[in-house]
Amino acid sequence: MTPPPQRAQPHRTNPLWVAVGFVLTGLGFLGLILPGLPGTVFFVLAAAAFAKGDPRWETWLLSRPVVGQMVQDYREGKGMPLRAKWIACACIVVAVSFSLTRIPVLAGQVAWGLVALFGLWYITLRVPTKRE
C-alpha cells in the first residue's frame with residue numbers, strides 16, 4: 001500500500017506578530033535617522049516578531065540593504081561596532097539622567113537607574129564588539 005502524497009502545509013500567519021513586526025520596523029527606521037534612538041535593537045526584535053508572524057516578512061526585512069546586515073551580524077554573534085556601543089551607552093546615560101528628575105517616587109528612580117545599569121552592563125560586557 002502506497003502512502004498518500006504529502007501535501008504542503010498551508011502557510012499560517014499570525015497577524016498580531018506581523019503588526020508588532022511592522023511597529024518595530026517603523027521604530028527601527030526612525031532610529032536610523034534620529035540621533036539617540038537605537039535602530040538595530042528594533043530591527044532585531046522586528047525580525048523575531050516577523051519570524052513568529054509570517055516568515056515572508058522576515059525574509060523581506062532581512063533583504064533590506066543596511067538592516068539585513070545588522071540583523072544577520074547580531075544573529076551570527078558578531079556583535080556591535082565599538083562606535084555603536086559608545087553611542088548606545090551615551091544615549092542610555094543621557095536619557096536616564098533626564099528622566100530621573102521626572103520620576104517623583106524614590107523607588108521608581110532606583111528601579112529606573114537599575115534598568116539603566118543593566119543596559120550598560122549588557123552592552124559593554126555581554127554584546128561582542130564587532131571588528132570592522
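**Entry 1: terms and model**

I start with a term I need below: a nonpolar core is a set of buried Ala, Val, Leu, Ile, Met, Phe, Trp, Tyr and Cys residues joined through side-chain atoms within 4.5 Å. I also remind myself that this is a predicted model.

**Entry 2: the overall layout**

I looked up the secondary structure and found 6 helices and 2 strands. Along the sequence I read the pattern α-α-α-α-β-α-α-β. The protein has 132 residues, and 24% of them count as buried. I get an accessible surface of about 9,500 Å², with 69% of that belonging to carbon and sulfur atoms. For contacts between residues at least 6 apart in sequence, I note that 63% join residues at least 24 apart.

**Entry 3: the core**

Which residues make up the largest nonpolar core? I list 11 in all: Val18, Leu24, Phe42, Phe43, Val44, Ala46, Ala47, Phe50, Leu61, Val67 and Val71. Helix 1 (15-33), helix 2 (40-53) and helix 4 (65-75) are the elements giving two or more residues to this core. Helix 2 supplies the largest share, 6 residues.

I then picked Phe42 out of the core residues. Apart from its neighbours within four places in sequence, Phe42 is in contact with Leu24, Leu27, Gly28 and Leu37.

**Entry 4: helix 1**

I checked the length of helix 1 next. Its 19 residues reach 28 Å from the first C-alpha to the last, close to the 27 Å expected at 1.5 Å a residue. At the N-terminal end I found a cap: a side-chain oxygen of Asn14 lies 3.1 Å from the backbone nitrogen of Leu16.

Then I sorted helix 1 by burial. Val18, Gly21, Leu24, Thr25, Gly28 and Gly31 are buried. These residues cover an arc of only 130° around the axis, so they sit on the same side of helix 1. Pro15, Leu16, Val23 and Ile33 are exposed on the other side. I asked what covers the buried residues of helix 1; the cover includes helix 2 and helix 3 (55-62).

**Entry 5: a closer look at Thr25**

Buried means under 20% relative accessible area.

Where does the side chain of Thr25 reach? I find it 2.7 Å from the backbone oxygen of Gly21. Not counting residues up to four places away in sequence, Thr25 touches Phe43, Ala46, Phe50, Trp60 and Leu61.

**Entry 6: helix 6**

I ran the length check again on helix 6 (residues 106-126). With 21 residues at 1.5 Å a residue, this helix should span 30 Å, and its end C-alpha atoms are 29 Å apart, which agrees.

Which residues of helix 6 are buried? My list is Gly113, Ala116, Gly119 and Ile123. They cover an arc of only 120° around the axis, which puts them on the same side of helix 6. The buried residues of helix 6 pack against helix 5 (82-100). On the other side of helix 6, I have Leu106, Ala107, Leu114, Leu117, Phe118, Leu125 and Arg126 as exposed.

Notes. Residues are numbered from 1 along each chain as its sequence is written. This is a predicted model: local features need pLDDT of at least 70, side-chain atom pairs count only at pLDDT 80 or more; totals for chains, interfaces and linings use all residues. Side-chain values use heavy atoms; hydrogens and water are left out. Buried means under 20% relative accessible area, exposed over 50%, partly exposed in between (1.4 Å probe, protein chains only). Helices (H or I, at least four residues) and strands (E, at least two) are DSSP runs, numbered from the N terminus. Contact means heavy atoms within 4.5 Å. The expected span of a helix is 1.5 Å times one less than its number of residues. The arc is that of the directions from the helix axis to the C-beta atoms. A polar contact is a pair of N or O atoms within 3.5 Å; within protein, one must be able to donate a hydrogen and the other to accept it, and residues adjacent in sequence count only if both atoms are side-chain atoms. Accessible areas come from the Shrake-Rupley method with a 1.4 Å probe; for residues, only the protein chains shown count as cover.
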